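Visitor: Could you walk me through this one? I'd like to start with how the parts are arranged and then jump around a bit.

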Amino acid sequence: MAFSFLDDPLDRAEHLRTDSAALARLWPEARVLVLDGAGNAWVDAEGLPPRLTGTAVGARPDTAVFLGLHAAQAWFALPAADAPAALAVGGVVDLRTAAATWPARESTAFAQARAVLYWRMRHRFCGACGGTLAWARAGWLGRCPQCGLEHYPRTDPAVIVAVTDGTRLLLGRQAAWPARRYSTLAGFVEPGETLEQTVVREVYEESAVRIRSCRYLASQPWPFPSSLMLGFIADAEPDTPKVNDELEDARWFDADEIGAALRGARPDDGLLLSPKLSISRWLIEQWHALHASA
Ligand SMILES: [Zn+2]
């Protein structure tokens, strides 16, 4: 795909999560990704993922999460607090940097590792009774020893939408973004809502533009920290955009402006779009491919 965190995924081999003997056999030769508390990954001197093995780490800590298999090799994620500090030789990189510089398999596994370790960091206690969770299923289950409740990793669904009135594309910008940067509108799904209802509600809330219909195109894991972006294209009324406090501006752009931005034709004074790692950029490209010659 033209965006990050989905190509060349590991085989999650869920059946192994309860097979502690198999995981113990796989650990010495396993590939271990180490992440710090901010969700950044240890790297080697070149900024690439170090080829750390289970043997280098030592005995497998209880906090190691089994990510899956590539061929016969197991991959694990490990919090830096439980890895020997002497192995940290190259510093760390964040996931966005890794998406641009690492091979797809490693950056996709990093995204998976970041999402599951973040969930565990923020769910150390039972939400029902406050008991300290005990990790099971190779890290994918938190069991409360007090009340028995089982806690599973959470993913927050969010829609991200290329909104068109037939000839133009609606983009918005947040005040904190670099100047002239615009992106597709996005928002979290609320409890009791369908994805289509979220598209209608979020676009109207953020821009006062009314959606007529929408269609799902593709999704992207977005572990910043725990989202799943669900990409839509939507037909809308040609309403004049009005923003509230979420966005600083929302505007319609024609195909020529979008095309120039995709080509990077006017980096100093033109429209700037999201970087290539995001599904936002890909949605804009899909829209432009349909409308460039119109
Ligand atoms: Zn409990």
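Visitor: How far apart do the C-alpha centres of domain 1 and domain 2 lie?
Guide: In this predicted model, the C-alpha centres of domain 1 and domain 2 are 33 Å apart. The domain assignment of the chain places domain 1 at 14-122 and domain 2 at 156-291.

Visitor: And how many residues does the contact take from each domain?
Guide: Domain 1 contributes 7 residues to the contact and domain 2 contributes 5 residues.

Visitor: What area is buried between domain 1 and domain 2, and what share of it do carbon and sulfur atoms give?
Guide: The buried area between domain 1 and domain 2 is about 620 Å², with carbon and sulfur atoms giving 74% of that area. On the side of domain 1, Arg96, Arg114 and Tyr118 together supply 63% of the area that this domain buries against domain 2, which is more than any other three residues.

Visitor: Which elements give two or more residues to the domain 1 side?
Guide: Those elements are helix H3 (95-101) and helix H4 (104-122), and H4 gives the most to the side of domain 1 that touches domain 2, with 4 residues. By residue class, that side of domain 1 divides into 5 nonpolar, no polar and 2 charged.

Visitor: Switching topic, how many salt bridges are there by this rule?
Guide: The count comes to 15 salt bridges.

Visitor: Where do Glu248 and Arg173 lie?
Guide: Glu248 lies in the loop between strand E13 (227-236) and strand E14 (249-254), and Arg173 lies in strand E10 (residues 168-173), so this pair ties together parts that are 75 residues apart in sequence.

Visitor: What about aromatics, how many pairs does a search of the whole structure find?
Guide: The search finds 10 aromatic pairs. Among them is the pair of Phe5 and Trp222, which is tilted, with 6.1 Å centre to centre and 55° between the planes.

Visitor: Which parts does that pair tie together?
Guide: Phe5 belongs to the segment before helix H1 (20-26), whereas Trp222 is in strand E12 (residues 211-222), so the pair ties together parts that are 217 residues apart in sequence.

Key: Residues are numbered from 1 along each chain as its sequence is written. This is a predicted model: local features need pLDDT of at least 70, side-chain atom pairs count only at pLDDT 80 or more; totals for chains, interfaces and linings use all residues. Side-chain values use heavy atoms; hydrogens and water are left out. Domain bounds come from an automatic or database domain assignment. Contact means heavy atoms within 4.5 Å. Buried area is the accessible area (1.4 Å probe) that two parts lose on being put together, summed over both. Ala, Val, Leu, Ile, Met, Phe, Trp, Tyr, Cys and Pro count as nonpolar, Asp, Glu, Lys and Arg as charged, and the others, Gly among them, as polar. Rings of Phe, Tyr and Trp (its six-membered ring) pair if their centres lie within 6.5 Å; planes under 30 degrees apart count as stacked, over 60 as edge-to-face and the rest as tilted. A salt bridge is a side-chain nitrogen of Lys or Arg within 4 Å of a carboxyl oxygen of Asp or Glu.
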